[in-house]
Amino acid sequence: MTQNLNPVVKSLEQALADTFALALKTQNYHWNVVSPNFFGLHTMFEEQYDDMHAAVDELAERIRALGATAPGSLRAFLETTSIADAIDDADAIAMLDDLIASQAMLAKTLKAGVAAAEKAGDTATADMLTERLTRHDKQAWMLRATRG
Ligand SMILES: [Fe+2]
């Protein structure tokens, strides 16, 4: 790995840890949500964590393609992520508010990653992170529209 690609790997590690943490939180809420709109929330959360679980694999394998070791432990993710853990005993509105805030945090991570990749001339990583940003913009919109 060349020196100037190092910030790109760091950005991918941040995106990986944040995506893993938000996937887990979204799945927690999929399990625990109680609402008259239970099925809608339960199903939407599942669609979102399924997307994020697939993304975790892509992000980790991009790190490998750049010649670095992919972090894959709870400790490594906890040390790196900026996404707070799930709120215990949250009601449905608190879950939605929390996910909306975490989606915004993850979007910030992804934007910084796109900038780092572009600066390093790594078009493939910039593309991958831009695609993730598009997905998370859509997920955040769905959460906001459901929140009302
Ligand atoms: Fe399930």
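Select Ala15 first: this residue is buried, with 28 other C-beta atoms within 10 Å. A residue counts as buried if 20 or more other C-beta atoms lie within 10 Å of its own, as exposed if 12 or fewer do, and as partly exposed in between, the C-beta atoms being placed from the backbone. The model is predicted: local features need pLDDT of at least 70, side-chain atom pairs count only at pLDDT 80 or more, and totals for chains, interfaces and linings use all residues. Residues are numbered from 1 along each chain as its sequence is written.

**Around Ala15**

Ala15 lies in helix 1. Helices (H or I, at least four residues) are DSSP runs, numbered from the N terminus. Now display the neighbours of Ala15: leaving aside residues up to four places away in sequence, Ala15 touches Leu59, Thr109, Leu110, Gly113, Leu129 and Arg132. Such a contact requires C-beta atoms, placed from the backbone, within 7 Å. For a distance across the model, pick Asp98, which is 83 residues from Ala15 in sequence and 18 Å from it in space, C-alpha to C-alpha.

**Helix 1 against helix 4**

Next, select helix 1 (6–32) and helix 4 (92–119). Their axes come within 9 Å and cross at roughly 165 degrees; helix 1 is therefore roughly antiparallel to helix 4. Axes here are lines fitted to C-alpha atoms, for helices over the stretch in contact, and angles run from 0 to 180 degrees between N-to-C directions. Angles over 145 degrees count as roughly antiparallel, under 35 as roughly parallel, 65 to 115 as roughly perpendicular and the rest as oblique.

Helix 1 passes helix 4 in a left-handed crossing, a term for a near helix turned anticlockwise from the far one by less than a right angle. Among the residues making the contact are Val8, Leu12, Ala15, Leu22 and Tyr29 of helix 1, and Met95, Leu99, Leu106, Leu110 and Gly113 of helix 4. The contact of helix 1 with helix 4 divides into 14 nonpolar, seven polar and two charged residues. In this scheme Ala, Val, Leu, Ile, Met, Phe, Trp, Tyr, Cys and Pro are nonpolar, Asp, Glu, Lys and Arg are charged, and the others, Gly among them, are polar.

Then pick Glu118, which is in helix 4. Glu118 counts as partly exposed, with 15 C-beta neighbours inside 10 Å.

**Helix 5**

Select residues 123–147, the 25 residues of helix 5. The end C-alpha atoms of helix 5 are 36 Å apart, which agrees with the 36 Å that it should span at 1.5 Å a residue; the expected span is 1.5 Å times one less than the number of residues. Colour the buried residues of helix 5: Thr125, Ala126, Met128, Leu129, Arg132, His136, Gln139 and Leu143. These buried residues pack against helix 1, helix 2 (38–65) and helix 4. Just after helix 5, Gly148 takes a positive phi of about 75 degrees.

With helix 4 also shown, the axes of helix 4 and helix 5 come within 9 Å and cross at roughly 160 degrees, and the two helices are therefore roughly antiparallel to each other. Their crossing is left-handed. By class, this contact has 15 nonpolar, seven polar and seven charged residues.

**Helix 2**

Helix 2 has 28 residues and reaches 41 Å from its first C-alpha to its last, close to the 40 Å expected at 1.5 Å a residue. Its buried residues include Leu41, Phe45, Tyr49, Met52, Leu59 and Ile63, and their cover includes helix 1, helix 4 and helix 5.

Show helix 2 with helix 5: they pack at an angle of about 165 degrees, with their axes 11 Å apart. Helix 2 is thus roughly antiparallel to helix 5, and passes helix 5 in a left-handed crossing. Residues to display at the contact include Leu41, Met44, Gln48 and Arg62 of helix 2, together with Met128, Arg132, Arg135 and Thr146 of helix 5. The contact divides into five nonpolar, four polar and five charged residues. Just after helix 2, Gly67 takes a positive phi of about 95 degrees.

**Last stop: Asp89**

Finally, select Asp89, in the loop between helix 3 (74–80) and helix 4. Asp89 is exposed, with 7 other C-beta atoms within 10 Å. Most residues other than glycine have a negative phi. Phi of Asp89 is near 55 degrees, a positive value in a residue other than glycine.

Technical notes
Two residues are in contact if their C-beta atoms, placed from the backbone, lie within 7 Å.
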